[in-house]
Amino acid sequence: MSYGPPSGPQNPGGYGPPGGYPGGGPAGYPGGGQPPENYLIWAILSTLFCCLPLGVASIVFSSQVNSKWAVGDYAGAQEASEKAKKFAIWSAIGAVVAWVLIIIFYAIVIAAAVNSSGTY
C-alpha cells in the first residue's frame, strides 16, 4: 500500500515541495526567495523630515513586509510593501506642499509689512 503521490523520474520520493503547493507557493507566488522591498529607509526619512503621521504609517507597513513574507503571506507582504511606499510618497508630497504654503505665507506677510511701514 502506498501513501502519497506516485514516485517517478518527475517526482522522486513521491512527495512535492514543502507547503503543499506546486512551485513552492500559493496562487503563483514564489516559495521562499526574496521578499518585496519594504521601503523602511524611505519610511524613516519621511517620518523625520516630512509628515510625521504618514511617515509613522509607512514605518508600520514597512515593518510588516518581512514578517508576513516569513509566515508565507506573500500577498499580504506585497500589499504591505505597496502601502509603505504609498504612505512614504504621500508624506513627501505633503511636506513639499506644506513648505510651499509656508513660503507663500511668509512672502505675503513680508510684502504686507513692507507696504504698510510707510503709512504712519
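Buried means under 20% relative accessible area, exposed means over 50%, and partly exposed lies in between (1.4 Å probe, protein chains only). The model shown is predicted: local features need pLDDT of at least 70, side-chain atom pairs count only at pLDDT 80 or more, and totals for chains, interfaces and linings use all residues. Residues are numbered from 1 along each chain as its sequence is written, and side-chain values use heavy atoms, with hydrogens and water left out.

View 1. Cys51 is partly exposed, at 24% relative accessibility. The closest cysteine sulfur to that of Cys51 belongs to Cys50 and lies 8.1 Å away, too far for a bond.

View 2. A disulfide is a covalent bond between the sulfur atoms of two cysteines. The term is applied here to a pair of cysteine sulfur atoms within 2.5 Å. Across the whole structure, the search finds zero disulfides. Cys50 is in none, its nearest cysteine sulfur being that of Cys51. Cys50 is partly exposed, with a relative accessible area of 31%.

**View 3. The helices of the chain.** The chain has three helices and zero strands, in the order α-α-α along the sequence. Helices (H or I, at least four residues) and strands (E, at least two) are DSSP runs, numbered from the N terminus.

**View 4. Contacts and surface.** Among contacts (heavy atoms within 4.5 Å) with a separation of 6 or more in the chain, 56% join residues 24 or more positions apart. Of the 120 residues in the chain, 19% are buried. The chain exposes about 8,600 Å², and carbon and sulfur atoms supply 70% of that area. Accessible areas come from the Shrake-Rupley method with a 1.4 Å probe; for residues, only the protein chains shown count as cover.
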